[in-house]
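Trainee: I have a protein model open, and I would like to learn how to read its features one at a time. Could you take me through it slowly?

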Amino acid sequence: LWGVGSSVALASWLPATIARFFESGWGLAVGATAAVFLYCALPYAAFGAWVAWTTGRRAAMPLAVSIGWAACELFRVHGAIEVPWGLLAFTQAPWLAIVQSADLLGAIGLGMLIAAVNASLAGLLTRAPRGWRSAWVTAGLFLLIWGYGGLRLGQDFGVGEPVSVAVVQGGIESELRLDLARSEQNLEHYLEMTREAQGSEPALVLWPELALQFPFAARPELWQRIAETSRAHGAELLVGAPHVRTRLFVREQLNSAFLVRDGRIADRHDKVALMPFSEMRPVGLPIGREPYLAGLELRPLSSRSGELGVLLCSELLHPGLARRLVDAGAQWLANPSNDDWFSTPAAADHQLAVAVFRAVENRRPVLRPSTNGRAAIIDAHGRLLAVAPYRQPAVLEATLQPSDSDTLYGHVGGLSPAPLASGLVLASVFHLAVVRRRN
């Protein structure tokens with residue numbers, strides 16, 4: 001009940017999104033949503049049964065409970081269906097002193113600490129054996145995390161000269177943006193917003209994922225206007241658009257971001273982690289839209305402003321992709337996004353919280369243009385330097401430095417399922433044995 005209820009609270013907007021995105025009936029949308037919610041509830045059902053079992057034997061302890069919670073989140077993030085949404089740590093995005101520990105622990109590790117705090121409070125309220133001892137240990141850990149956050153907030157992670165950047169939120173409704181007959185009007189809208197940003201002379205201007213719905217080969221005269229803007233103003237442009245190629249007489253389409261410099265395409269990122277059903281058909285199921293081909297290479301784009309690691313839209317949800325880009329030399333993280341499918345500000349705000357964690361985990365500024373939703377510029381401390389109004393056209397500008405700082409999380413990564421499961425079993429068995437011996 002709790003697992004399903006929490007899913008409903010987190011994603012009550014999902015049926016409307018499915019019905020709108022796939023143009024399906026409400027029956028299919030509600031059925032698909034119920035299946036997802038039940039899947040996400042499975043680990044929490046097992047977690048609740050385990051907590052009840054250990055509590056009934058007076059063998060529950062906050063550390064084991066927090067490990068069990070982390071195991072549930074790992075199941076959702078790395079399970080058969082990846083649902084890296086609504087992790088407990090994302091609730092802390094506004095509290096920067098706490099979020100700074102993400103460069104050590106990652107989101108799941110920080111969620112584990114939050115679960116330990118809650119378990120300690122529960123132990124005190126239920127007068128559990130040695131509840132005060134657990135509470136003091138957890139409080140000490142929390143104070144260490146808080147102090148560490150204050151220390152990191154006072155440090156500078158920038159390198160080199162400050163760079164002026166501009167991030168565009170188009171604000172074009174999806175029906176108009178997807179209308180190929182309006183391609184020229186939509187392009188002119190983005191070009192006008194880019195010219196608006198030129199007053200601050202940005203070195204880099206970023207457009208959202210699939211800001212353009214046509215590949216450059218299909219409308220070369222429109223891509224020529226992008227090239228002319230790049231030459232006229234001297235800024236590099238990151239432009240989201242499909243990339244189509246033919247290999248062995250087979251037409252392949254990729255979801256891409258193009259780096260335009262001095263009137264030519266200097267580099268390109270192809271999306272490597274596709275969204276099930278909207279961009280790919282899982283295990284060949286004939287369900288969803290026309291699939292894209294996944295990109296094969298994940299590397300930063302070489303920009304004049306520094307190495308630019310691109311995470312297209314939902315790629316942001318996968319922390320491993322961000323770490324791989326940073327390992328390859330990325331000094332910035334760019335997250336061109338298409339948030340048209342969000343039907344509430346809460347969903348867009350959640351995605352923004354994820355971006356804050358990616359910035360802190362890797363100590364890299366995150367530049368997030370969006371079609372609609374929440375475009376933002378985030379520094380390496382996770383500070384929101386600029387945020388666009390929900391579903392409104394906006395040009396965000398800021399001056400900040402790239403970063404090449406290392407983090408423990410970047411080197412080690414998050415918690416691994418096997419050691420975590422082993423720790424959970426050992427902690428439970430050890431504590432149960434101690435209780436039995438004392439009784």
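Predicted model: local features only at pLDDT ≥ 70, side-chain atom pairs only at ≥ 80, totals over all residues.

Trainee: How many helices and strands does the protein chain have?

Mentor: Helices (H or I, at least four residues) and strands (E, at least two) are DSSP runs, numbered from the N terminus. The protein chain has 14 helices and 12 strands. Buried means under 20% relative accessible area, exposed over 50%, and partly exposed in between, using a 1.4 Å probe and protein chains only; of the 439 residues in the protein chain, 54% are buried.

Trainee: At what angle do helix 6 and helix 7 pack?

Mentor: Axes are lines fitted to C-alpha atoms, for helices over the stretch in contact, and angles run from 0 to 180 degrees between N-to-C directions. Helix 6 (residues 102-125) and helix 7 (residues 131-153) pack at about 145 degrees, their axes lying 9 Å apart. Contact means heavy atoms within 4.5 Å, and the residues that meet include L113 and V117 in helix 6 and L141 and I145 in helix 7.

Trainee: Which strand pairs with strand 1, and in which sense?

Mentor: Two strands pair if DSSP finds at least two bridges between them. Strand 1 (residues 163-169) pairs with strand 12 in the antiparallel sense over seven bridges, and V167 has L396 in strand 12 as its bridge partner. Strand 12 (residues 394-400) is mostly covered, with five of its seven residues buried.

Trainee: What happens in the hairpin of strand 4 and strand 5?

Mentor: Strand 4 (residues 250-261) and strand 5 (residues 264-270) are antiparallel and share six bridges, with A257 opposite H269 in strand 5. Two residues lie between the strands of this hairpin, where D262 takes a positive phi near 55 degrees.

Trainee: How many disulfides does the structure hold?

Mentor: A disulfide is a covalent bond between the sulfur atoms of two cysteines. The test is a pair of cysteine sulfur atoms within 2.5 Å, and the structure holds zero disulfides.

Trainee: Why do C40 and C313 count as buried?

Mentor: C40 counts as buried because its relative accessibility is 7%, and C313 is buried because its relative accessible area is 3%.

Technical notes: Residues numbered from 1 in each chain as written. Heavy atoms only, no water.
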